[in-house]
Amino acid sequence: MTRSALTTPPPGAAGPRPASGAPGPGEPLGSHYSRCFGCGDRHPTGLHLKAVTPDGETVVAEFTVAEAHQGAPGLAHGGVLATAMDEVIGMSIWLFRRPYVTARLETDYLAPVPVGTTLHLRAWCTGVSGRKAYLEAEGRIGSADGSVAVRAAALFVEVGMEHFAEHGDAQTLLDEHHDYEVNP
């Protein structure tokens, strides 16, 4: 994948450093909130991603393409695949224990993904500079070492929790509070 200058860490960017108290190796990561299209278990047609960190630095998840996720007959919609990439990247930010939002997402589609296919997703951080985090992800068909069907590079920006209260639903933030401040 050729990343743009906007998703490439600048020279001197710090390496990713998970925060103290972040989920450790083998630990599952919770959902942003129960009705999140990407990871919520209460969204009827969502992706229902369940992520874990195998090593405390990367995040892995699986996503099985359902009929509700198709674009062309029998194939995953490209926007749904981009959403899966955005979601697994966003889940990797949990390791920093601070709230971030997507500022830019670049997605490369390398192979069609048929309905019924399980994509094995993996995301990792390539650098942090100030409030900016630079991240990448890939989706492999059939297994964690299967062929790559989709890749992504992203720029996420750290925001305060007031961002979600001001621009979203503050009550939901309170109702589904997590034990540490991360994307609600």
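Mentor: Let's begin with Arg122, which is partly exposed, having a relative accessible area of 32%. That label lies between two cut-offs: a residue is buried under 20% relative accessible area and exposed over 50%, worked out with a 1.4 Å probe and protein chains only. This is a predicted model, so local features need pLDDT of at least 70 and side-chain atom pairs count only at pLDDT 80 or more, while totals for chains, interfaces and linings use all residues. Residues are numbered from 1 along each chain as its sequence is written, and side-chain values use heavy atoms, with hydrogens and water left out.

Arg122 has a charged partner, Glu138, and the closest N and O atoms of this salt bridge are 3.4 Å apart. The two sit in distant parts of the chain, 16 residues apart: Glu138 belongs to strand β6 (residues 132-141) and Arg122 to strand β5 (residues 118-129). To count as a salt bridge, a side-chain nitrogen of Lys or Arg must be within 4 Å of a carboxyl oxygen of Asp or Glu. The strand names come from DSSP runs numbered from the N terminus, where a strand (E) has at least two residues and a helix (H or I) at least four.

Taken together, Arg122, Glu138 and Arg140 are linked in a network of salt bridges.

How many salt bridges are there by this rule? The count comes to 4. Another of them joins the side chains of Arg98 and Glu158, at 3.2 Å from N to O. This pair also links distant parts of the chain, 60 residues apart: Arg98 lies in the loop between α1 (78-92) and β4 (100-109), and Glu158 in strand β7 (residues 148-158). Arg98 is partly exposed because its relative accessibility is 32%.

Now let's go back to Arg122 and look at a residue that touches it. Thr58 is located in strand β3, and it is buried, with a relative accessible area of 11%. Beyond its neighbours within four places in sequence, Thr58 is in contact with Val52, Thr53, Leu95, Arg122, Ala123 and Trp124. Contact here means heavy atoms within 4.5 Å. One of those residues, Trp124 in β5, is the bridge partner of Thr58. Strands β3 and β5 run antiparallel and are joined by 7 bridges; two strands are said to pair if DSSP finds at least two bridges between them. On another side of the pairing, β2 and β3 are antiparallel over 2 bridges, with Val52 standing opposite Val60 in β3. The β2 and β3 hairpin has 4 residues between its strands, and Gly56 there takes a positive phi near 80°.

In soluble globular proteins, nonpolar side chains tend to be buried together.

Leaving out residues up to four places away in sequence, Ala133 touches Ile93, Phe96, Tyr100, Gly127, Val128, Ala154, Leu155 and Phe156. Two of these residues, Phe96 and Tyr100, are both buried. A search of the whole structure finds 1 aromatic pair. In it, the ring centres of Phe96 and Tyr100 are 6.0 Å apart and the planes are at 55°, so the pair is tilted. For this test, rings of Phe, Tyr and Trp (its six-membered ring) pair if their centres lie within 6.5 Å; planes under 30 degrees apart are stacked, over 60 edge-to-face, and the rest tilted.
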